[in-house]
Amino acid sequence: MTGLLAIYAFDDLWNLGPYIRYGLMSLQHRGAENYVVCISEGDVKCYTANNIDNVSEHVATNKVIAATYSNRDEALYIHKEDGLDIAVLADIPNAVLEEVAKELSRALKKDGTVKGVTRALENFGAKEYIPSFIAITNRGDIIVWRSVSGLTPLVLGGYGFDMAIVSSETTAIDILGADTRRFLLPGEGLLISRYLLTKFNTASAINPRLCLFEILYLARHDAIVDNVSVYSFRKSLGKELGERFNRDVDVVVGVPETAIPYAIGFSQTINKPFELAFIATGGRVRSMLRFDPREKLIAIHLKMNPIRHSLEGKRVAIVDDSMVTGSTIKTISQILRYRVGVDEVHLLIASPPLISTCPYNIMKLDMESLLAANLSKEMALKYLEVDSLSWLQPEVIDSVAKMYRLKLCGKCFGREFFG
Amino acid sequence: MVVSFLGEFMKVLVVGSGGREHALTLLISRSMLNPKIYIVMDYRNPGLERISEKSGGRWFIATTTSPKEVGKTAEEVSPDLVIIGPEEPQFSGVSTYLREKGFIVFGADAKCAEIEKSKVFARTLMWKYEIPGRLYFKAFRSIDEAKKFIEFAGDVVIKPARQAGGKGVKVLKDTQAYLSKDKVNIKKNYIDKLYSEMESYGDIDYKILVEQRVEGVEYTAQVITDGSSFVFLPIIQDHPHAYEFDTGPETGGMGSISGPGWIPPFLDQEEFERTKDIVAKVLYSLSVEIGINYMGAFAGQMMLTGVWGPTVIEFYSRFGDPEASNLVPIVVSDFLDLLDRAARQKLASAKLEIDEEKVVVVKAVAPVGYPDNKRIAIDHPIKVDEDRIKDIGCEVLYASVSIGPDGNLYTRGSRAVEIVCYGSSYEEAYSLSEKAVTYVESLDGWSLFHRGDIGSPWLVRERIKLAEKIRRIYSDRARRGVLGEMYVWIPGEGIYSNPLLSPVRW
């Protein structure tokens with residue numbers, strides 16, 4: 001998964017190096033293994049590195065696109081057509097982007113307006129899934145487009161009269177001191193050049209929907225996604241868990257750190273104290289975005305030094321946003337039982353069981369390792385060493401999604417849509 | 001109605017060439033005073049030509065900033081009333097000269113127009129007379145002084161100290177320390193750039209203004225005055241960003257919205273009253289300061305801010321452009337009579353009646369290149385299908401466009417035309433305006449652009465949300481009695497009532 005960031009400063013006084021540095025930093029939670037920047041200096045140049053400074057140091061211009069990636073999923077596609085070079089950074093790798101880059105560069109060369117760009121994208125038809133992308137040409141134009149699928153978001157921000165900033169998440173716009181201007185609708189795109197910023201729309205018969213994991217796990221708590229506060233959405237799901245919980249517990253803890261708002265919503269609903277339970281060592285690592293089992297365990301173990309005093313001898317409710325393989329929860333229950341010495345462990349998951357793979361390759365889910373697809377509930381309780389396990393039913397996600405006026409993709413939960 | 005002449009018609013000479021003058025002449029052409037409209041303009045504006053011809057008047061091409069040239073036309077026409085549209089002829093003394101020659105003139109005297117021309121004069125006046133809605137500022141004559149100061153400046157706006165066609169403003173929000181160091185360089189480089197642009201204006205001392213940065217919702221409060229009475233116009237909101245969704249460089253205005261009624265949906269009645277109070281106080285203070293009655297149009301470019309509530313960004317010594325265009329569908333009163341009374345200092349008891357049901361959306365259509373590269377935006381032939389625009393109930397106002405030798409319309413680099421549409425709701429006025437702009441076409445393939453978001457119910461809702469947030473901030477500041485106050489503490493140095501300073505030095 002990827003965080004995209006495109007910045008166009010209309011005044012060439014600007015050197016966007018520091019902006020790329022801090023902007024990428026604010027998108028690191030979307031994946032922090034690899035970084036890429038592309039600039040336009042007569043021709044298009046892209047630089048990749050595994051730390052931010054080694055890419056931002058190449059940026060001394062007033063227009064740039066950049067991305068942060070998890071693992072080695074870099075989705076960079078470059079096409080050089082006679083006289084028009086283009087670099088496309090997408091938020092999900094997909095072979096169709098090779099073709100997209102080619103068609104865009106041809107369209108821009110021939111026409112140079114949004115008409116050509118719109119036609120080029122529409123020609124792929126409804127069958128092809130094209131991920132959201134940002135692109136830069138050797139003429140210095142920036143093109144951004146949100147997939148008609150709506151699965152991944154893009155948002156436009158403005159800094160005074162000087163910059164247009166497009167990002168996967170509002171965090172980058174906040175951190176760069178800009179104001180959020182527009183959540184791009186599915187199929188909505190912008191062509192940004194020195195003397196014109198034009199909006200375009202690609203028509204599609206597809207029903208747009210946002211990936212549930214975007215708002216469930218990926219986005220930062222302080223982000224706004226398609227006009228919805230991520231924090232508020234997460235607390236609402238915690239509240240729903242609380243309303244359906246009929247056990248007695250002493251304290252509520254959240255799996256660090258994505259699950260904290262869910263645990264707060266849950267704790268406020270069942271009227272039991274929310275406590276800090278674990279302290280991380282080293283920087284924030286998104287263990288779910290690690291796919292090598294050993295690396296994943298190392299990441300989990302480093303996040304989980306327990307605060308024994310809050311938990312010892314207590315009946316503990318532990319809340320998480322989702323459960324994929326169960327390895328995080330297994331680790332936590334072991335720590336709670338053997339290192340801390342709690343009385344009971346009750347596990348609450350703020351989403352339905354994950355039982356299917358992701359057809360869009362957004363979440364890399366391997367059927368073999370999905371806990372809910374392979375273990376019976378009884379076996380899961382034994383394996384995880386928990387006293388109870390509650391998932392949120394799909395109908396609950398439905399009603400919360402409706403409340404926030406969101407249409408969410410539910411494929412990996414065995415549903416077409418929520419909301 | 002002032003009957004100062006005995007003929008069946010009134011001769012009116014309008015000075016100016018753009019969209020605002022087209023709007024004004026349309027408004028006055030409906031008058032019961034039966035005006036013959038004479039125009040003195042810099043180029044052949046097709047709208048102004050037509051109105052003057054239709055009314056039985058004439059048009060003249062001249063340098064409208066030249067008192068002598070305009071004076072010569074005035075002598076020839078011998079008008080009952082002269083209306084000065086733009087600010088530059090006021091700055092260069094056209095209104096003053098014509099008044100000295102005995103003409104009745106609607107339009108600020110050169111000394112009154114200082115309030116627009118010199119932002120230092122305007123700001124100083126507000127501080128001297130303690131008028132609410134004033135911002136902290138510092139003005140500089142020399143580039144070195146300015147650059148030295150900027151080293152220690154925090155969250156500021158850098159502006160040209162003189163009105164420069166509504167452009168040149170750099171808003172440098174600087175509230176993130178991790179980006180501050182870099183912004184110091186931007187500020188210095190911008191001062192260099194701005195200073196070299198300002199050197200061409202020989203008519204002011206101060207070149208650069210550094211001002212407290214504020215954020216909020218902008219709006220324009222316009223008034224017609226004779227120096228002692230005021231007739232306020234409805235509040236209108238302009239959109240200064242060039243591109244969609246409030247992005248891109250500053251322009252003179254890409255479109256404006258107003259209605260229904262006297263205030264747009266994001267402003268409340270009390271804010272309107274306080275705005276009027278500020279504008280009236282400024283005009284009173286101005287007449288005390290310079291001892292001349294202000295006869296003409298005046299406007300406050302306002303912003304609803306957390307610091308003050310209604311706050312002054314700058315002043316116009318004339319009607320706004322495109323704000324004047326919003327008046328076209330809604331003015332019910334005899335507009336010429338109002339202007340005439342103001343020019344004769346007989347405005348007391350005059351009232352403006354408007355159609356309070358209408359929502360108005362105005363959109364400017366400009367050639368690509370505007371506002372930052374007029375060289376490439378100039379001399380492109382365009383076609384305006386006026387019949388179809390009128391068929392859907394909208395009006396075309398011609399602005400920066402002139403009739404070429406071949407009879408075609410050619411762009412002059414700025415906003416070429418303004419489209420004025422109205423309806424009973426934003427939905428209606430907006431969709432009409434979006435349809436109407438499609439009837440303005442380029443004939444040589446050079447792209448024209450307009451802002452598709454102006455007037456949309458979506459953008460109006462965004463403004464309402466922002467205004468609600470701002471209202472919470474300033475209401476609490478008002479309760480705590482700290483409206484307008486801002487403090488910066490630099491440990492070891494002291495506490496300053498001056499938000500221009502940065503607490504950290506790089």
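## Reading a two-chain model, step by step

Analyst: Let's start with chain A, which has 14 helices and 24 strands. Its radius of gyration is 22 Å, close to the 22 Å that the globule rule gives for 419 residues, so chain A is as compact as a globular protein of that length. Keep in mind that this is a predicted model.

User: What box do the C-alpha atoms of chain A fill?

Analyst: Taken along the principal axes, that box is roughly 70 × 40 × 35 Å.

User: Okay, on to sheets. What is the strand order in the open sheet of four strands in chain A, and how do the strands pair?

Analyst: Read across the sheet, the order is β17-β20-β21-β22 in chain A, and the pairing is parallel. Now look for strands that pair on one side only: these are the edge strands, β17 (251-254) and β22 (388-391) of chain A. Neighbouring strands in this sheet are turned against each other by 20° on average, direction ignored.

User: Which helix packs on that sheet?

Analyst: That's α8 (residues 260-270) of chain A, and it touches β17, β20 (315-320) and β21 of chain A. The direction of α8(A) makes about 160° with that of β17(A).

User: Can you zoom in on a pair of strands? How many bridges join β21(A) to β22(A)?

Analyst: Four bridges join β21 (residues 344-349) of chain A to β22(A), and the two run parallel. To find your place in the pair, pick out Leu348(A), which stands opposite Ser390(A) in β22(A).

User: Now helices. How do I describe two that pack together?

Analyst: In general, you give the angle between their axes and the distance between the axes.

User: Which strands stand at the edges of the open sheet in chain B?

Analyst: The order there is β21-β22-β19-β24 of chain B, with antiparallel pairing. At the edges stand β21 (401-403) and β24 (440-442) of chain B, each with a single partner strand, so one side of each is left without a neighbour in the sheet. The twist averages 40° from one strand to the next. Within the sheet, β21(B) and β22 (residues 409-412) of chain B pair over three bridges, and Ile403(B) stands opposite Leu409(B).

User: Last one: how many residues does each chain give to the contact between A and B?

Analyst: Chain B gives 28 residues and chain A gives 19. On the chain B side, α9(B) gives the most, with six residues. By class, that side has twelve nonpolar, ten polar and six charged residues.

Methods. Residues are numbered from 1 along each chain as its sequence is written. Chains are lettered from A and ligands numbered from 1 in the order in which they are written. This is a predicted model: local features need pLDDT of at least 70, side-chain atom pairs count only at pLDDT 80 or more; totals for chains, interfaces and linings use all residues. Two residues are in contact if their C-beta atoms, placed from the backbone, lie within 7 Å. Ala, Val, Leu, Ile, Met, Phe, Trp, Tyr, Cys and Pro count as nonpolar, Asp, Glu, Lys and Arg as charged, and the others, Gly among them, as polar. Two strands pair if DSSP finds at least two bridges between them. Axes are lines fitted to C-alpha atoms, for helices over the stretch in contact, and angles run from 0 to 180 degrees between N-to-C directions. The radius of gyration is taken over C-alpha atoms; the globule rule is 2.2 Å times the number of residues to the power 0.38.
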